[in-house]
Amino acid sequence: MMKNEQEAARGSNKWFFSMYIGFYAGLIWGAVKMLESLFHFSNLTPGFLVEPFFKSSFLVTWQGYLLGWGVFIIFSIAASLLYALLLAKSAGPWAGLGYGAVWWGLIFLLIGPVTGMMNWIAYLDLKTILTEFCLFILWGLFIGYSIAFEFNDERIREPFKNGKSNPQPE
């Protein structure tokens, strides 16, 4: 067998794959976070996760945006490792949707207001609340479904098995 076939037969390393998914989740959804801030869909800056440690005036600069993006990537890697530890065998998208909702709840209802990342949810506008909730739902779905697809029997249902590009009815 060739090296790639041996790796496929063994399966992916759960932790490396989770870090990989977390990196891309942070990269993609952090970019969406920057766009939602630039288009004023949300009043929170992309660096809201480090708000207690940096001045707000810095976080609205391009350096602050990049810092926020980088912190969101690190946060996503940690969250995907936690997902792999707790929920890797969950099948389907529902666990990922719930995971994103739980993280939104933790950040917006508990950790954020207590640490000074943001105001209490009663003082945020509805546009910000809904935008951030949707972002975290999609972020959790990306992490959860990607990990579930890799570590469950979802690959059995793929339409093109064994490298066939022209499937025939069985």
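**Helix packing and selected residues**

Modeller: Helix α2 (residues 14–38) packs against helix α6 (residues 126–151) at an angle of about 155°, and their axes are 10 Å apart. Axes here are lines fitted to C-alpha atoms, for helices over the stretch in contact, and angles run from 0 to 180 degrees between N-to-C directions.

Biologist: How is α2 oriented relative to α6, then?

Modeller: That angle makes α2 roughly antiparallel to α6. Angles under 35 degrees count as roughly parallel, over 145 as roughly antiparallel, 65 to 115 as roughly perpendicular and the rest as oblique. The crossing of α2 and α6 is right-handed, a term used if the near helix is turned clockwise from the far one by less than a right angle, with anticlockwise giving left-handed.

Biologist: Which residues make that contact?

Modeller: On the α2 side they include F17, S18, I21, I28, W29 and V32, and on the α6 side they include L135, L138, W139, F142, S146 and I147. Contact means heavy atoms within 4.5 Å.

Biologist: What is the class make-up of the contact of α2 with α6?

Modeller: It has 14 nonpolar, three polar and five charged residues. Ala, Val, Leu, Ile, Met, Phe, Trp, Tyr, Cys and Pro count as nonpolar, Asp, Glu, Lys and Arg as charged, and the others, Gly among them, as polar.

Biologist: Before we go on, where do these values come from, and how are residues numbered?

Modeller: This is a predicted model, in which local features need pLDDT of at least 70 and side-chain atom pairs count only at pLDDT 80 or more, while totals for chains, interfaces and linings use all residues. Residues are numbered from 1 along each chain as its sequence is written, and side-chain values use heavy atoms, with hydrogens and water left out.

Biologist: What is the overall secondary structure of the protein?

Modeller: The protein has six helices and zero strands, and the order from the N terminus is α-α-α-α-α-α. Helices (H or I, at least four residues) and strands (E, at least two) are DSSP runs, numbered from the N terminus.

Biologist: How many residues are there, and what share of them is buried?

Modeller: The protein has 170 residues, and 39% of them count as buried. Buried means under 20% relative accessible area, exposed over 50%, and partly exposed in between (1.4 Å probe, protein chains only). Among contacts with a separation of 6 or more, 70% are accounted for by residues 24 or more positions apart.

Biologist: Back to α6. At what angle does α4 pack against α6?

Modeller: Helix α4 (residues 62–87) and α6 pack at about 50°, with their axes 10 Å apart. That makes α4 oblique to α6, and the crossing of the two is right-handed. Contact residues include F72, F75, S76 and Y83 of α4, and F136, W139 and I143 of α6. By class, the contact of α4 with α6 has nine nonpolar, three polar and no charged residues.

Biologist: And how do α5 and α6 cross?

Modeller: The axes of helix α5 (residues 94–115) and α6 come within 7 Å and cross at roughly 135°, which makes α5 oblique to α6. This crossing, of α5 and α6, is right-handed. Among the residues in contact are G96, G100, W103 and W104 of α5, and F133, F136, G140 and G144 of α6. The contact of α5 with α6 divides into twelve nonpolar, four polar and one charged.

Biologist: Let us turn to single residues. Is W29 buried or exposed?

Modeller: W29, in helix α2, is buried, with a relative accessible area of 16%. Leaving aside neighbours within four places in sequence, W29 is in contact with F72, L135, L138, W139 and F142. The C-alpha atoms of W29 and F142 are separated by 9.2 Å, although these residues are 113 apart along the chain.

Biologist: What about S18: which residues does it touch?

Modeller: S18 touches S80, L81, A84 and I147, not counting residues up to four places away in sequence. S18 lies in helix α2 and counts as buried at 0% relative accessibility.

Biologist: Is S146 buried or exposed?

Modeller: S146, found in helix α6, counts as buried at 19% relative accessibility. With residues up to four places away in sequence left out, S146 touches F17, I21 and L141.

Biologist: Finally, is F53 buried or exposed?

Modeller: F53 is exposed, with a relative accessible area of 65%. The C-alpha atoms of F53 and T115, 62 residues apart along the chain, are separated by 10.0 Å.
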